[in-house]
Amino acid sequence: GEVELRRGVGSWPGRVWATVTNTEFDAAIFSLAVPALGSLVIEPGVRTVEAIMVGRLGAARLGALSIGGSVVSVAFPVFNFFSYATTPMVARALAKSDTEEASRLVSQGIWLSTIVGGSLMGAMLLWCDNILLTMGANAEIFPFAKRFMMIRALAAPAELWLLVAKGASYGHQNTKAPLMAIAAGSLVHLILDSLFIMGFHWDLTGAALAVVVSQYVSSLSLLYMIMRDGIFKVKDLGNLPDFSKIMDYLNAGSNLLIRTISMQTFYTVMTSYGARMGTAVIAAHAIARQCASLEALIVDGLAVATQALVAMYLGQNQRATARRLCSRLLFLGGIAGGLLGMVLYLGSGPIARAFSSDASVIYEATKALPLVAAVQLPAALAYIYDGIFLGARDFKFLGIAMFFCTLPAMATLVFTAHYFDLGLVTLWLASGALIVSRVIALSWRYASKQGPFGSIGSKRLVA
């Protein structure tokens, strides 16, 4: 009540000190963040092992696997809204102890993901040749890539089911179930890769079959787990799609689509600028992106915990508690980003030499990695803010903010590339401009009346 709303009110130094010393949420945060991190790490690790196996079969097959993976990495992030939208909806239902409503929401998500996944599968099968040619598959790579993609497309419905099930599980404050399901699917993936690629010599056919089977194992396992937990009942799939609930997904999807397209467009343009700067720059850029991606993966575990916990507290209408939680998460995210940036800064030279023996690549990488290190703290804050706004269902602002934040980043890229010869530093100045712009926009919204804890935003977002 009113007492809770006033907790923590006082001088600015007092509030900061309270955030630093307040550990009331840490057990809940890390119990969600650590399994979530495991879920995020497992699949990239399995793909790396698979690439090593395929790489032994020759450059053409490895190139085909890379192109096939690129198609998936471009297409499927667009549909992450199935997870992002499900989490706060299920959390709100469970906050009211309404497992029936939670099950109906999950069922509607499965209906929609089946339709979208089936359509995506059909599109990949129908336009396979055009997609691969657009991605740059040459005559040597094309037949292998086509075989891989035609089979790989069959996993599309399962991948979207998994997103819905993950969102439901996160809304239930359970990140261990997705970890177990993804671990089970990944184990199957590795076993089948070894059997099909190394044993039966089915090369990319075997690799694609292994992916398909593993995705269905992961998704069906997690659906079984949330059914066991009582937040999904198979009988609800017998109900016809509910237009209002489908619209909740589509509204979230349309706004997050703007966010995804804006971000991917910027990074595509950034990479194209790097390619024009020469082989050494684009090779060093690959090193920098790998380092940044690894650090983003680590902080993403905290972002998952943020979304799940914010959705739960706002679903219970505990705004003051949610705000204290967010302050703590921003503090922890800042600490994590700062430490990771420091490690990258101190190790920039050895890291560059570990990736390449080419002097020009090492030179470009060592120039840019300190800048990459410098943006890790604001990047971590941006990920935590993303989790806050996803948990609060402020999807529209996330989409609009990303679009407008890419504008100064694009301007920085074009201006710096045109007037200065900075090599890879140019790309990461632009990337840093995007990250800092996002932090400014998201922190302004967070503190405003329209934010999740403001007088206007709280009514709109939690109603």
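Trainee: How far apart are the end C-alpha atoms of helix H3 (residues 26-55)?

Mentor: This is a predicted model, in which local features need pLDDT of at least 70 and side-chain atom pairs count only at pLDDT 80 or more, while totals for chains, interfaces and linings use all residues. Numbering runs from 1 along each chain as its sequence is written, and side-chain values use heavy atoms, without hydrogens or water. Helices are DSSP runs (H or I, at least four residues) numbered from the N terminus, and the expected span is 1.5 Å times one less than the number of residues. The 30 residues of H3 should therefore span 44 Å, and this agrees with the end C-alpha separation of 43 Å.

Trainee: Which geometry do the rings of Phe25 and Tyr313 adopt?

Mentor: The structure holds 16 aromatic pairs, with ring centres of Phe, Tyr or Trp (its six-membered ring) within 6.5 Å; planes under 30 degrees apart are stacked, over 60 edge-to-face, the rest tilted. For Phe25 and Tyr313, the centres are 6.1 Å apart and the planes lie at 75 degrees, so the pair is edge-to-face.

Trainee: Which helix holds Tyr446, the partner of Tyr385?

Mentor: Tyr385 and Tyr446 pair edge-to-face, 5.6 Å centre to centre with 65 degrees between planes. Tyr385 belongs to helix H17 (residues 376-391), whereas Tyr446 lies in helix H19.

How values were computed: Helices (H or I, at least four residues) and strands (E, at least two) are DSSP runs, numbered from the N terminus.
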